[in-house]
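Here are some friendly notes to read beside the model. Have the sequence open as you go through the points.

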Amino acid sequence: MPITLNENLPAYRILSNEGVMVMSPGRAATQDIRPLRIGLLNLMPKKIQTENQFARLIGATPLQIDFQLIRMSDHESRNTAADHMESFYRPFRDVEATGEKFDGLIITGAPIEHLPFDQVTYWDELTRVFAWTQSHVHSTFGVCWGGMAMAWHFHGLQKHMLKQKAFGCFRHRNLDQTSPYLRGFSDDVLVPVSRWTEINQAEVDQCPDLTTLLASDEVGPCLLEDRSRRALYIFNHLEYDSTTLKEEYDRDVEAGKSVNIPRNYYPDDDPTQPPLNRWRSHAHLLYGNWINEIYQTTSYDMSRIGEGQDHG
């Protein structure tokens with residue numbers, strides 16, 4: 001089954017050319033099934049790149065997906081054209097006002113790690129998003145800073161600044177082979193990492209509602225399950241394209257910043273060689289498993305989503 005996208009969205013053409021099944025809203029309306037409604041609250045500066053990354057993974061699942069793009073209401077993007085934002089994104093306040101519900105919501109990262117959470121300009125609205133997910137979203141997936149923000153908001157889990165950026169591809173251990181989210185995962189998983197902060201495993205262990213599913217001896221916990229809120233928090237970037245770390249590295253080198261070559265990324269750690277993507281299969285597994293778990297547990301009657309889930 002395909003993912004439903006506005007045919008004018010750049011991701012529609014890009015994913016079609018890659019062989020991903022995509023469908024226009026008009027065609028989707030003729031299908032005699034209920035598609036899963038998945039929202040993307042996109043906090044990243046490069047909106048289009050991030051849309052493509054997540055749409056590629058969500059669109060590879062065997063179910064029909066209605067993919068909706070959401071933005072913070074009063075935060076203007078400086079890196080994405082205003083007409084793109086106006087054409088394809090809905091401000092959260094409008095989504096909230098309609099009372100509509102979602103089977104799933106992805107909350108992306110944001111390049112604001114250095115700020116305390118409550119000093120982020122849109123923090124008040126983001127806490128409204130978190131509260132809204134408890135009654136209007138069946139399953140929420142917080143990614144990188146988005147996951148850290150959710151873990152701090154719901155569990156008081158602190159993010160800690162690193163002395164040096166965790167940057168590259170790091171080996172992670174599969175800690176729960178029975179988890180439906182890790183179905184098909186290897187025991188050892190390579191995951192792209194790009195962050196200046198970390199979550200402490202000992203502090204995670206003090207939170208009875210949190211279970212660590214993937215973790216690295218070098219860069220700490222990666223994927224947490226929050227069963228009480230039907231949520232996942234991932235602090236690293238399985239959604240990254242093959243060249244995303246390269247683009248970050250090249251940008252910092254060009255800006256004259258002191259930056260290490262991303263570890264375990266280039267062949268022989270040689271940045272003149274094309275990087276190898278060794279995480280793509282696990283990215284598809286994780287997001288495919290998430291979509292499948294939503295499909296297995298969400299209500300066919302969308303008005304019932306959130307019943308018995310309101311944690312405030």
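**Notes on the pocket and the charged side chains**

1. The largest pocket has a volume of about 950 Å³. A pocket here is an open set of points on a 1 Å grid over the protein atoms alone, with protein on both sides within 12 Å along at least five of seven lines. Grid points are joined across faces, edges and corners, and the volume is the space filled by probe spheres set on the points.

2. Before going on, please keep in mind that this is a predicted model: local features need pLDDT of at least 70, side-chain atom pairs count only at pLDDT 80 or more, and totals for chains, interfaces and linings use all residues. Residues are numbered from 1 along each chain as its sequence is written, and side-chain values use heavy atoms, with hydrogens and water left out.

3. Which residues lie nearest the centre of the largest pocket? They are Pro111, Lys165, Ser194, Glu248 and Arg251, out of 36 lining residues (a lining residue has an atom within 4 Å of a point). Helix α9 (244-254) gives the most to this lining, with five residues. α3 (47-58), β8 and β9 each supply at least two. Helices (H or I, at least four residues) and strands (E, at least two) are DSSP runs, numbered from the N terminus.

4. A salt bridge is a side-chain nitrogen of Lys or Arg within 4 Å of a carboxyl oxygen of Asp or Glu.

5. Glu218 is in the loop between β10 (210-216) and β11 (220-226) and Arg263 in the loop between α9 and α10 (280-297), so the pair ties together parts 45 residues apart in sequence. Arg37, Asp66, Arg90 and Glu100 are linked in a salt-bridge network.

6. Do look at Asp176, in the loop between β8 (159-174) and β9 (188-199). Arg227 instead forms a salt bridge with Glu225, with the closest N and O atoms 3.5 Å apart.

Definitions and conventions
1 Å grid on protein atoms, 1.4 Å probe; cavity = no way out; pocket = protein on both sides within 12 Å on 5 of 7 lines; lining within 4 Å.
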